[in-house]
Amino acid sequence: MSRIYNFSAGPAMLPEDVMKQAAMEMTDWHGSGMSVMEMSHRGKEFVSIAQKAESDLRELMSIPDHYTVLFLQGGASSQFAMVPMNLLKGKKRADYINTGAWSKKAIAEAEHYCQVNVAASGASDNFTSIPEESEWSLSADAAYVHYTPNETIGGVEFHWIPDTGTVPLVADMSSTILSRPIDVSRYGVIYAGAQKNIGPAGLTIVIIREDLIGNEMAATPTMFKYSAMAKAGSMYNTPPTYSWYMAGLVFEWIRKRGGLEKMAETNKNKADKLYAAIDNSKFYNNPVDMKCRSWMNVPFTLAKPDLDSIFLEQAKAAGLVTLKGHRSVGGMRASIYNAMPAEGVDALISFMETFERENA
Ligand SMILES: *Cc1c(COP(=O)(O)O)cnc(C)c1O
């Protein structure tokens, strides 16, 4: 069985070279006689793996020294609670930008801990665009501003960074981290579940400005305190060692391919081609405002929705899988993260053209 093109939104494709290397090292990592899975997280072998992964990530993203990088568990969804628990620092209010499904989840969780001011919402046009920053109503006393740079389900992405002045900016970058260079210094906290663009599920990366660590809400569980995790080098308890190792291999893979500038170039090309194919056809449609179309997740519908299941069946037969749209929006969605080769996008486009010719 050969590899297929998997357009899953997450867990998503991993680079084939990374998996081959992991397979080679599976039972005996670098002559240690052990699998990484069997290593003590405090032993010198794993500590070297962990440190290399962190320093490679720092280099890739140009993370300034006054930022701490955490390798946690619990997914981005745990961050929905950890962010308010750690960042409110006695304040009562936080600002949230609502651009779709993941924003809404972050908001619902934060409402357990503070007054959420939804400073801007894309609801009026069904979350197909991002409200202009000039229309946002940020509160003066907000502890932080939270937004979702890429809405994985709606396919809506910020191609700019909000300016929140001295109020810390918090970003759920789960589905866009490492897709392009970003200026980390503009952020208070960046977090991301690994299973989209970093590595296997089970790992959550948090990048946090040092001065924001500490002074958590009194009832914050130790496992949810950035301070406890920072102090212990993300090893307050057993970290997700194998996912951490795999993430490290992915960071190395990105470095070898030319870093985030190169990722951005490739990702933009892939996305541009796919959107052009959709826009040039009368059969496929993407509803998202051109200015904020996602490079990573491309939802599209067929002019004849009763053909959806046949489209999916024939795509699968052509080696193109997991194209079904999220149950909340229907239609199709092609997730084209870093590990999706340009050839995969080309194959999808050519399949779509054939399908249109035969069925339109
Ligand atoms: C996938 C995703 C999540 C949820 O991540 P988990 O790691 O499953 O908790 C949250 N936010 C965004 C933007 C996502 O894409």
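**Ligand shell.** I looked up what lies around the ligand and found 13 residues, the closest being Ser77, Thr152, Asp172, Gln195 and Lys196. I counted a residue as near if one of its heavy atoms lies within 4 Å of the molecule. The model is predicted, so local features need pLDDT of at least 70 and side-chain atom pairs pLDDT 80 or more, while totals for chains, interfaces and linings use all residues. Residues are numbered from 1 along each chain as its sequence is written, and side-chain values use heavy atoms, with hydrogens and water left out.

**Make-up of the shell.** I sorted the shell by class and got three nonpolar, eight polar and two charged residues. Asp, Glu, Lys and Arg count as charged; Ala, Val, Leu, Ile, Met, Phe, Trp, Tyr, Cys and Pro as nonpolar; the others, Gly among them, as polar. Helix α3, residues 75–87, gives the most to this shell, with four residues. Helices here are DSSP runs (H or I, at least four residues), numbered from the N terminus.

**Polar contacts.** I took pairs of N or O atoms within 3.5 Å. A polar side-chain atom of Lys196 lies 2.7 Å from a ligand oxygen, and one of Gln195 lies 2.9 Å from a ligand oxygen. Ala76 has a backbone N or O atom 3.1 Å from an oxygen of the ligand. The protein covers 87% of the 390 Å² of accessible area that the ligand has on its own (Shrake-Rupley method, 1.4 Å probe).

**Cysteines.** I searched for cysteine sulfur pairs within 2.5 Å and counted zero disulfides. Cys114 has 11% relative accessibility and so counts as buried (under 20% relative accessible area, 1.4 Å probe, protein chains only). Cys292, at 4%, is also buried.

Conventions: Buried < 20%, exposed > 50% of the residue type's maximum accessible area, 1.4 Å probe, protein only. Polar contact = N/O pair within 3.5 Å; in protein donor to acceptor, adjacent residues only side chain to side chain. Helix = DSSP H or I, 4+ residues; strand = E, 2+ residues; numbered from the N terminus.
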